[in-house]
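These are my notebook entries on one protein chain. I wrote down what I looked up, in the order I looked it up.

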Amino acid sequence: QVQLVESGGGLVQAGGSLRLSCAASRITFSDNVAGWYRQAPGKQREFVADINSDGKADYADSVKGRFTISRDNAKNTLYLQMSSLKPEDTAVYYCNSKRYSWPLAYWGQGTQVTVSS
């Protein structure tokens, strides 16, 4: 069974930084698409960033220049380094991965990020 477990969420002041981690089992991030999504109160879940098997990263316009997605292949762990955080970044952040050959996406349970002003 594929499992994705996020960690690293918490409360941070505006302008601060936070790093989210996602540990995976039974799926290899480096062989697949892996990414982060978030859902703020009253809003739809939205794309934040992803990274493909070649290491190319894409970002939502709202986080470009502030967030960095990366992975540690040896640890099979996905990261989201968040800097210059804004209150509007407050959301539950979800780790995601999808195989190229299979139309299923796997999701973690989410981790809460709260940015105070």
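Predicted model: local features only at pLDDT ≥ 70, side-chain atom pairs only at ≥ 80, totals over all residues.

Entry 1, terms and source. Residues are numbered from 1 along each chain as its sequence is written, and side-chain values use heavy atoms, with hydrogens and water left out.

I looked up the elements and found 0 helices and 11 strands in the protein chain. Both are DSSP runs numbered from the N terminus: helices are H or I with at least four residues, strands are E with at least two. I then looked up the radius of gyration, which is taken over C-alpha atoms, with a globule rule of 2.2 Å times the number of residues to the power 0.38. The protein chain has 13 Å, and this agrees with a compact globule of 117 residues, for which the value would be near 13 Å. The C-alpha trace spans about 40 × 25 × 25 Å along its principal axes.

A contact means heavy atoms within 4.5 Å. Among contacts between residues at least 6 apart in sequence, 54% join residues at least 24 apart.

Which residues touch the most other members of the largest nonpolar core? I found Trp36, Leu78, Leu80, Met82 and Tyr93, in a core of 29 residues. Strand 3 (18-25), strand 4 (33-39), strand 5 (46-51), strand 7 (67-72), strand 8 (77-82), strand 9 (91-98) and strand 11 (111-116) each give two or more residues to this core. Strand 3 gives the most, with 4 residues. A nonpolar core is a set of buried Ala, Val, Leu, Ile, Met, Phe, Trp, Tyr and Cys residues joined through side-chain atoms within 4.5 Å. In soluble globular proteins, nonpolar side chains tend to be buried together. I also listed contacts of Met82 beyond four places in sequence, among them Leu18, Leu20, Phe67, Tyr93 and Val113.

I looked up two residues here, Ser84 and Leu85. Is Leu85 buried or exposed? Leu85 counts as buried because its relative accessibility is 2%. Leaving out residues up to four places away, its contacts include Val12, Ala14, Leu18, Arg66, Phe67 and Val115. Leu85 and Ser116 are 31 residues apart in sequence and 9.1 Å apart in space, C-alpha to C-alpha. Ser84 counts as partly exposed at 41% relative accessibility. Phi of Ser84 is near 50 degrees, which is positive in a residue other than glycine.

Arg26 and Ile27 have their places here. Arg26 is exposed, with a relative accessible area of 57%, and its phi is positive at about 65 degrees although it is not a glycine. Ile27 is buried, with a relative accessible area of 3%. Beyond four places in sequence, Ile27 touches Val2, Leu4, Asn32, Asn76, Ser97, Arg99 and Tyr106.

Where is Tyr100? I found Tyr100 in the loop between strand 9 and strand 10 (105-107), and it counts as partly exposed at 48% relative accessibility. Tyr100 and Asn32 are 68 residues apart in sequence and 6.3 Å apart in space, C-alpha to C-alpha. Tyr59 is in strand 6 (residues 57-59) and is partly exposed, with a relative accessible area of 21%. Leaving aside neighbours within four places, contacts of Tyr59 include Phe47, Val48, Lys64 and Ile69.

Key: Buried < 20%, exposed > 50% of the residue type's maximum accessible area, 1.4 Å probe, protein only.
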